[in-house]
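Dear colleague,

Please find below the sequence and structure that I am handing over to you.

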Amino acid sequence: MNPTSHTLIQRVKDPANEDAWKRFSEAYGEYIFAVLRKVGVGEDQAADLRQEILLKLWKQLPEFDYQPDKGKFRTWLYRIIRNAAYTHMKSLHSERQRDERYFQDNFIENEEIDRLLREEWKAFVCQKALDNLRVAFADQSVEIFERALQGVGMPELAEKFGLKENTIYRIKNRVKERLILEVRRLRHELE
């Protein structure tokens with residue numbers, strides 16, 4: 001069983017707890033990388049910057065006073081990622097000695113970064129939830145659900161899988177209901 005975010009955060013505050021740090025890195029590393037790529041950081045640089053952010057988190061978490069009633073962990077994480085991305089883009093600007101126009105044209109404004117952070121978080125949690133459902137459902141059920149999301153109609157799906165339309169509809173809804181529950185569970189665990 002995966003610990004809740006609060007439990008994991010408490011455990012990862014101990015720098016010697018390698019298991020907690022491994023779980024933390026696995027839980028949030030992919031998200032950090034995806035956000036960095038979305039805001040325009042190159043793949044290699046995003047991988048390096050992800051490691052820098054994880055190191056910064058490792059150093060700051062022992063002092064972090066997590067109070068879920070005052071705010072989500074995700075908000076603090078957003079701020080660290082946003083600041084790291086900003087600092088990175090600013091250093092690129094300095095290194096390249098471009099004029100002010102280059103920086104303004106190529107850097108995404110804070111509001112845009114915040115929007116990207118939120119969107120990428122939703123996509124990250126949904127993808128993790130769908131990956132978790134692959135264990136609980138037959139491959140065919142998940143494929144039906146995914147194809148329905150892509151806009152494939154019930155008649156086409158029924159023909160492709162050799163099932164009745166109402167069976168396709170029930171499968172799609174069953175997977176959807178479980179996905180919603182899994183997203184809620186993951187949000188509670190990770191946020």
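This is a predicted model: local features need pLDDT of at least 70, side-chain atom pairs count only at pLDDT 80 or more; totals for chains, interfaces and linings use all residues.

Residues are numbered from 1 along each chain as its sequence is written, and side-chain values use heavy atoms, with hydrogens and water left out.

Overall fold

Of the 191 residues, 39% count as buried, where buried means under 20% relative accessible area, exposed over 50% and partly exposed in between (1.4 Å probe, protein chains only). Contact is taken as heavy atoms within 4.5 Å. Among contacts between residues at least 6 apart in sequence, 61% join residues at least 24 apart.

Aromatic residues

Eleven aromatic pairs are found in a search of the whole structure. Rings of Phe, Tyr and Trp (its six-membered ring) pair if their centres lie within 6.5 Å; planes under 30 degrees apart count as stacked, over 60 as edge-to-face and the rest as tilted. One of these pairs is F64 with F73, which is edge-to-face, at 5.9 Å centre to centre and with 70° between the planes. Both F64 and F73 are buried.

The ring centres of W121 and F124 are 5.6 Å apart and their planes lie at 40°, so this pair is tilted. Both residues belong to helix α6 (residues 110-136), three residues apart, which is about one turn of the helix. W121 is buried, with a relative accessible area of 1%, and F124 also counts as buried, at 7% relative accessibility. A single aromatic cluster is formed by W21, F24, Y28, Y31, F64, F73, W76, W121 and F124.

A charge also sits over a ring: K160 lies over the face of F161, 5.3 Å from the ring centre. The criterion is that NZ of Lys or CZ of Arg is within 6 Å of the ring centre and within 35 degrees of the ring normal.

Helices α7 and α9

How do the axes of α7 and α9 cross, and within what distance do they come? The axes of helix α7 (residues 139-149) and helix α9 (residues 165-190) come within 9 Å and cross at roughly 90°. Axes are lines fitted to C-alpha atoms, for helices over the stretch in contact, and angles run from 0 to 180 degrees between N-to-C directions. The two helices are therefore roughly perpendicular; angles of 65 to 115 degrees count as such, under 35 as roughly parallel, over 145 as roughly antiparallel and the rest as oblique. From α7, the contact is made by S141, I144, F145 and A148, and from α9 by I168, I171, K172, R174, V175, K176 and L179.

Two single residues

I81 lies in helix α4 (residues 73-96) and counts as buried, at 1% relative accessibility. Leaving aside neighbours within four places in sequence, I81 is in contact with Y31, I32, V35, L36, I53 and L117. The C-alpha atoms of I81 and F33, 48 residues apart along the chain, are separated by 9.6 Å.

A47 is found in helix α3 (residues 43-60) and counts as partly exposed, at 24% relative accessibility.

With kind regards

Conventions
Helices (H or I, at least four residues) and strands (E, at least two) are DSSP runs, numbered from the N terminus.
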